[in-house]
Amino acid sequence: MSNMDVKELEVNKTLPYDPSLLTVNISLRQIEEIAMTVSQRCHVTGANEIAWALRALMLTDLTTLAGDDTAANVRRLCLRACYPFEPQFFDKFFDRALIPEMHTAAVCVYPARVKDAYTTLQQYDKLDKVAIAAVATGFPTGQYGLQTRLQEISHAILAGATEIDIVINRQLALVGDWEALYNEVVLMRSACGQRAHLKTILAIGELGTMENVYKAAMVCMLAGADFIKTSTGKETVNATLPVGLVMIFAIQEFKRRTCQIVGLKPAGGVKTVRDAIAWMTLVHETLGIRWLRPERFRFGASGLLDDIERVVREGVKKLEEEEALRNVPASKEAAAAETFCKELRKKKEAP
């Protein structure tokens, strides 16, 4: 696309391979207990639930990865990503000036559909708001020659993708050839350059052990990944809180050893607002509130937006009913929504 503006992005650097970062001993029982404890602490209702649902919306990579994807359904996907709610919907409880900020973080499609997404987002003047992510490197299996996988990255970027979700070579992970895996991901980082952020899909359901999940995460981060991602969504086991916790531990240790920040993307299995809240609570309690922004945390999901819309619409309807019954503003119930608005204002005013 010759008329495309080529922007250089701030991306993570490739660091030298260091096997000392792969040393790990994981207690599966302890990991599962911590994850269970966190999941039991994330029950919210009322306006709090609306605020959390809207935060999840803004952290979502709205995804379609089907064999029957067409230009038409990619256009519909982009429309939902840009305008998940009609502008007047939030008039009573939100500052209307903040409505343009309520969109998904990205759309995620196959490389062949990137051009359709780019054209649509350009028509809506949303290219600087909603990123275009493309899966690549032989998604979902990765069972293709290396040069073919690298060419797929270049093709997607030329079509307009600014984020590339690659699948790692699980064969190399399963036989413990971590340096060979590192070398492959380094080439993928190089293919992305500064034109696209690199998300590395670990396909955790096919790695066998939690130790392998940790090691694969470390290898990808050393190779220059901007995000580590749980799954393709096509495996039997996808994003689970215990596996997310192991990946978080890897992110924390990597940051401690290298001072380099890497994002997290759970994908597959995050279908409801309750699921999303559990993940956001886990991230908040381990990595901190600063991680709950699109630059550091994403959901890969196709059905999550449906539940977000349901929760928000039902929640706002309930607030309106309570306000009508009391004939006074539902100040306590709307407090969480107002707090969320303030956060959005800060985001808009930030340089």
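Modeller: A salt bridge is counted where a side-chain nitrogen of Lys or Arg lies within 4 Å of a carboxyl oxygen of Asp or Glu. This is a predicted model, in which local features need pLDDT of at least 70 and side-chain atom pairs count only at pLDDT 80 or more, while totals for chains, interfaces and linings use all residues. Residues are numbered from 1 along each chain as its sequence is written, and side-chain values use heavy atoms, with hydrogens and water left out.

Across the whole structure, 26 salt bridges are found. One of them joins Asp61 to Lys265, with the closest N and O atoms 2.8 Å apart. Asp61 belongs to strand E1 (residues 60–63) and Lys265 to strand E7 (residues 263–265), so this pair ties together parts 204 residues apart in sequence. Here helices (H or I, at least four residues) and strands (E, at least two) are DSSP runs, numbered from the N terminus. Asp61 and Lys265 are both buried; buried means under 20% relative accessible area, exposed over 50%, and partly exposed in between (1.4 Å probe, protein chains only).

Asp61 also forms a salt bridge with Arg298, where the closest N and O atoms are 2.8 Å apart. Arg298 lies in the loop between helix H10 (273–286) and strand E8 (299–301), so its pairing with Asp61 in strand E1 ties together parts 237 residues apart in sequence. Arg298 is buried, as is Asp61. Through shared partners, salt bridges join Asp61, Glu163, Asp165, Lys199, Lys229, Lys265 and Arg298 into one network.
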